[in-house]
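Subject: Structure for your review

Dear colleague,

Please find below the structure that I am handing over to you. My notes on what was found in it follow directly after.

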Amino acid sequence: KPGEQKRSKEPSSSPCMHLAVVACGDRLEETLIMLKSAILFSNRRLCFHIFAEDSLKPEFEKKLKEWPSSYTKKFEYNIYPITFSVGNAQEWKKLFKPCAAQRLFLPVILKDVDSLLYVDTDVLFLRPIDDIWHTLKEFNSTQLAAMAPEHEIPKIGWYSRFARHPYYGATGVNSGVMLMNLTRIRNTRFKNSMIPSGLTWEEMLYPLYQKYKNYITWGDQDLLNIIFYFNPECLYVFPCQWNYRPDHCMYGSNCKGAEEEGVSILHGNRGVYHDDKQPTFKALYEVIRDFPFEDNLFQSLYYPLQSKFLDTVHTLCGRIPQVFLKQIEKTMKKVYENRVIVYLGANHRY
């Protein structure tokens, strides 16, 4: 593809889980920390699809090359330019956050990719991507994408109170974590409010934007809500622990799945990694950012995290540290169990 850059440590034919992210403006560090969290715990090989402004490409190349080989061998990556196949590129680029609308065009651009997990730059994985990737097998015959609800409680949800356009379900869905079967998306004709016979994904995007552009607040996320309002049978709904945001704890804990199982994917929207409004989220971001790749996970990641959490107990999110720690502790234990089994197996042969 024009402008595409590819760096691979192993042949790209090896099976992998595809992860996409869009980075513009000042999102370089956030994106790198997200990718770091992805490879720290995941088991299967990863293929990163990084869509970035031209000015960020050299920095991505430089930083990713600095990672130790024990980790770089676990993934390959592609860097793509920001492109929009239909409509006015400048309109799309300015829709909500810079370049965020690029996610709408992934089925069109990544024609050779069957399935893909898209995440925002401000996401952190607290367990293997393998676990969310398995959800693809849970899709029924009509489902082609999965997202989590925007809110758990309709009476305090944004869409249920303020939206001026159609949205999915009782509270809408949040597009910061979106699992997609791209093959199904490309092969489906979607019901809509414009043409009775249905439209393909690419045919639908710009007319849909033109019709609703004066009514949408959250850009591409609103467009996805409109699409799945008209096509609810196409959406699989994740439980909230797969897209855990400050809204799930800043007014009191309202994500039962996280209380029971722990947070699986942390989504630090509202800029909470970079201010002091939600120090629990900031603590997780800083500990993963500062973790030396080849250090002991318990000693250099888990214990510093516990220590930082002690300083956050004055907040509602900080009063439930077990919600943030449960999955990351479970994941680290599995990592060490696997290493011990491999080590013992290797010794047993001699």
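This is a predicted model: local features need pLDDT of at least 70, side-chain atom pairs count only at pLDDT 80 or more; totals for chains, interfaces and linings use all residues.

Two strands are taken to pair if DSSP finds at least two bridges between them.

Strand 5 and its neighbours

With this criterion, strand 2 (residues 17-23) pairs with strand 5 in the parallel sense, over two bridges. Within that pairing, Leu117 of strand 5 has Leu19 standing opposite. Strand 5 is also joined to strand 8 (residues 173-181), here by five bridges and in the antiparallel sense. Leu117 takes part in this second pairing too, with Leu179 as its bridge partner in strand 8.

Disulfides

A disulfide is a covalent bond between the sulfur atoms of two cysteines. How many disulfides does the count give? The count comes to three.

One of them joins Cys16 to Cys47, with an S to S distance of 2.0 Å. This link connects distant parts of the chain, since Cys16 sits in the loop between strand 1 (5-8) and strand 2 and Cys47 in strand 3 (residues 46-52), 31 residues apart. The torsion about the S-S bond of Cys16 and Cys47 is -100 degrees, and the link is left-handed. Cys16 and Cys47 are both buried.

Another disulfide joins Cys240 to Cys255, again with S to S at 2.0 Å. Here the torsion about the S-S bond is about 100 degrees, so the disulfide of Cys240 and Cys255 is right-handed. Cys240 and Cys255 both lie in the loop between strand 9 and helix 11, 15 residues apart. Both of these cysteines are buried.

Cys249 is joined to Cys317 by a disulfide, with S to S at 2.0 Å. The torsion about the S-S bond of Cys249 and Cys317 is about 90 degrees, so this disulfide is right-handed. The pair links distant parts of the chain: Cys249 is in the loop between strand 9 and helix 11, and Cys317 is in the loop between helix 13 (297-309) and helix 14 (321-348), 68 residues apart. Cys249 has a relative accessibility of 0% and counts as buried; Cys317, at 1%, is buried as well.

A further cysteine, Cys234, counts as buried at 4% relative accessibility.

Salt bridges

Side chains of opposite charge can pair when their charged atoms come close. The count of salt bridges comes to 16.

Arg245 forms a salt bridge with Glu150, the closest N and O atoms being 3.9 Å apart. Arg245 lies in the loop between strand 9 (235-237) and helix 11 (256-261), and Glu150 in the loop between strand 7 (145-149) and helix 7 (158-162), so the pair ties together parts that are 95 residues apart in sequence. Arg245 is buried at 1% relative accessibility, and Glu150 is buried at 12%.

Glu203 forms a salt bridge with Arg189, with the closest N and O atoms 3.7 Å apart. Glu203 belongs to helix 9 (residues 201-212) and Arg189 to the loop between helix 8 (182-187) and helix 9, 14 residues apart.

Asp247 forms a salt bridge with Arg270, the closest N and O atoms being 2.5 Å apart. Asp247 is in the loop between strand 9 and helix 11, whereas Arg270 is in the loop between strand 10 (265-267) and helix 12 (279-290), 23 residues apart. Asp247 counts as buried at 10% relative accessibility, while Arg270 is partly exposed at 48%.

Finally, salt bridges that share partners join Asp26, Arg27 and Glu30 into one network.

Yours sincerely

How values were computed. Residues are numbered from 1 along each chain as its sequence is written. Side-chain values use heavy atoms; hydrogens and water are left out. A salt bridge is a side-chain nitrogen of Lys or Arg within 4 Å of a carboxyl oxygen of Asp or Glu. Helices (H or I, at least four residues) and strands (E, at least two) are DSSP runs, numbered from the N terminus. Buried means under 20% relative accessible area, exposed over 50%, partly exposed in between (1.4 Å probe, protein chains only). A disulfide is a pair of cysteine sulfur atoms within 2.5 Å.
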